[in-house]
Amino acid sequence: MGAVHQSLLVASMSAPILHIDMDSFFVSVARLDNPGLHGKPVVVANDSPRSVVSSASYEARRFGVRSAMPVSTAKQICKNLVFAEPKMDRYEEISQQVFKIFERFTPRVEKLGIDEGFLDVAGAVKHFGLPYEIAQKIRASVCEELKIPCSVGLAGAKFVAKLASVKAKPDGIFCVPAEQTLQFLHPLKIGEMPGVGYKTAEKLRSRALNTVADLAAQSEESLVRLLGKAHGAQLYQMARGIDPRPVIPEREMKSLGAEKTLSQNTSDSEVLARELAQLAAKVTQRSRANGTVAETVTLTLRTPDLRRVNKSLTLSQPTNSTKIVYDTALRLLTQVKARHDAVRLIGVRLSGLQDEHTLAPVLWEDESSARWRKIDAIADQIINKLGGVKLESAAAINLTRGE
């Protein structure tokens with residue numbers, strides 16, 4: 001076993017790209033805050049017929065419970081399901097700590113989302129050991145300091161590392177040395193490849209293309225004819241283990257958003273205004289925490305027949321002001337509500353984000369704007385001091401009253 005382990009360590013030199021994925025991250029954080037949830041079939045979701053599962057523990061998955069599954073279905077197939085309330089602010093807090101651990105080992109960290117990222121550790125070997133050893137040290141640090149598990153895939157290409165991390169779950173490491181890339185890829189089913197959704201998989205299977213090996217046997221021209229130029233060429237390369245994309249640190253955040261599924265369909269303008277105030281407070285607090293301002297505010301509604309409606313407005317001056325974002329979203333709601341009566345989901349998104357320090361200072365600021373800017377600053381100070389306490393409800397009261 002020792003010789004095998006040593007050979008794996010050496011082979012990992014050709015697999016310096018790590019994909020690290022937190023295992024059932026939302027559930028892990030819930031268990032961190034409530035140890036009594038360990039060993040139980042847990043889902044992160046509101047216990048409501050209209051809700052969907054955000055995350056499921058591995059105990060719940062054994063019953064067939066999955067993310068994005070309606071809560072009503074999850075309760076039918078797992079009778080002793082335990083619910084944990086979603087807490088996005090808490091997830092973001094732990095996520096920041098996770099990525100700070102990653103950055104101790106390498107500055108080349110590409111954040112993919114709140115719970116996963118790519119790391120290029122080629123330049124860290126001198127200080128921390130071979131890539132496999134670095135993966136072990138990162139997992140140990142996350143486990144010891146944050147008490148949550150993660151899985152790591154190692155490879156010479158990004159998409160292969162991501163596939164390897166799936167094989168590592170739960171709470172493990174899986175290494176694909178560069179010289180073993182095709183040996184790893186070719187037995188995989190078509191649907192396991194990144195970018196191959198249900199429709200694409202069906203189209204490929206209709207041509208008797210069931211595995212990555214089948215895909216690799218095709219010419220680029222035939223795949224382009226079948227799937228289009230961009231997608232066909234991409235899958236042709238991936239089936240051969242080719243992915244030249246580098247790990248890109250400090251990936252630019254393009255947008256911030258928050259949504260809420262209502263407990264019942266409503267056309268009540270006051271109810272919708274209160275929800276908008278809470279959502280506006282949430283996204284602007286995040287924007288200010290990230291040091292960004294937004295050029296565009298988008299209102300999202302979902303109607304009872306599940307149609308999604310988006311309405312956007314680009315501002316004359318980028319902002320992260322709760323009041324301005326709320327006023328803009330409320331104006332958009334007034335425009336959209338004339339065409340859509342009842343609403344089952346409402347959301348606010350900020351896009352066109354840029355560094356707030358690059359903006360020219362405002363020479364003249366009216367008294368109301370200055371007062372709201374101070375309110376935002378006080379709210380942020382309270383949230384930072386008390387570890388993510390929610391102030392949206394108070395904001396909703398003030399905003400909807402116009403105070």
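This is a predicted model: local features need pLDDT of at least 70, side-chain atom pairs count only at pLDDT 80 or more; totals for chains, interfaces and linings use all residues.

Me: Fine. By that rule, is Phe184 buried or exposed?

Reply: Phe184 counts as buried, because its relative accessibility is 12%.

Me: And Phe174, what is its relative accessible area?

Reply: Phe174 has 30%, so it is partly exposed.

Me: How many aromatic pairs are there?

Reply: The count comes to six aromatic pairs, where ring centres have to lie within 6.5 Å.

Me: How are the rings of Phe26 and Tyr91 arranged?

Reply: Their centres are 4.0 Å apart and the planes make 5°, so Phe26 and Tyr91 are stacked. The cut-off for stacked is under 30 degrees.

Me: Which parts does that pair tie together?

Reply: Phe26 is in helix α2, residues 25–33, and Tyr91 is in helix α5, residues 88–105. The pair therefore links parts 65 residues apart in sequence.

Me: Are those two buried or exposed?

Reply: Phe26 is buried at 15% relative accessibility, and Tyr91 is buried at 2%.

Me: Back to Phe174 and Phe184. What is the geometry of their rings?

Reply: The centres of Phe174 and Phe184 are 5.7 Å apart with the planes at 45°, so this pair is tilted. Phe174 sits in strand β8 (residues 173–175) and Phe184 in helix α9 (residues 181–185), so the parts tied together are ten residues apart in sequence.

Me: Which residues form an aromatic cluster?

Reply: Phe25, Phe26 and Tyr91 form one.

Me: Which charges lie over a ring face?

Reply: Arg61 lies over the face of Tyr58, 4.3 Å from the ring centre. Lys111 lies over the face of Phe99, at 4.9 Å from the ring centre.

Me: Changing topic. Where is Asp23?

Reply: Asp23 is in the loop between β1 (17–22) and α2. Asp23 is buried, with a relative accessible area of 3%.

Me: What does Asp23 touch?

Reply: Leaving out residues up to four places away in sequence, Asp23 touches Ser28, Tyr58, Pro149, Cys150, Ser151, Lys169, Pro170 and Asp171.

Me: Now the sheet. In what order do the five strands run?

Reply: The order is β5-β6-β1-β7-β8, in an open sheet with mixed pairing. The edge strands, β5 (109–113) and β8, each pair on one side only. Neighbouring strands are turned by 15° against each other on average, direction ignored.

Me: How many bridges join β1 to β7?

Reply: Six bridges join β1 to β7 (residues 150–155), and the two strands run antiparallel. Within that pairing, Asp21 has Ser151 in β7 as its bridge partner.

Me: Which helices lie on these strands?

Reply: Helix α7, residues 131–146, lies across β1, β6 (116–120), β7 and β8, at about 165° to β7. Helix α8, residues 158–168, packs on the sheet and touches β1, β5, β6, β7 and β8. The direction of α8 makes about 140° with that of β7.

Technical notes. Residues are numbered from 1 along each chain as its sequence is written. Side-chain values use heavy atoms; hydrogens and water are left out. Rings of Phe, Tyr and Trp (its six-membered ring) pair if their centres lie within 6.5 Å; planes under 30 degrees apart count as stacked, over 60 as edge-to-face and the rest as tilted. Helices (H or I, at least four residues) and strands (E, at least two) are DSSP runs, numbered from the N terminus. Buried means under 20% relative accessible area, exposed over 50%, partly exposed in between (1.4 Å probe, protein chains only). A charge sits over a ring if NZ of Lys or CZ of Arg is within 6 Å of the ring centre and within 35 degrees of the ring normal. Contact means heavy atoms within 4.5 Å. Two strands pair if DSSP finds at least two bridges between them. Axes are lines fitted to C-alpha atoms, for helices over the stretch in contact, and angles run from 0 to 180 degrees between N-to-C directions.
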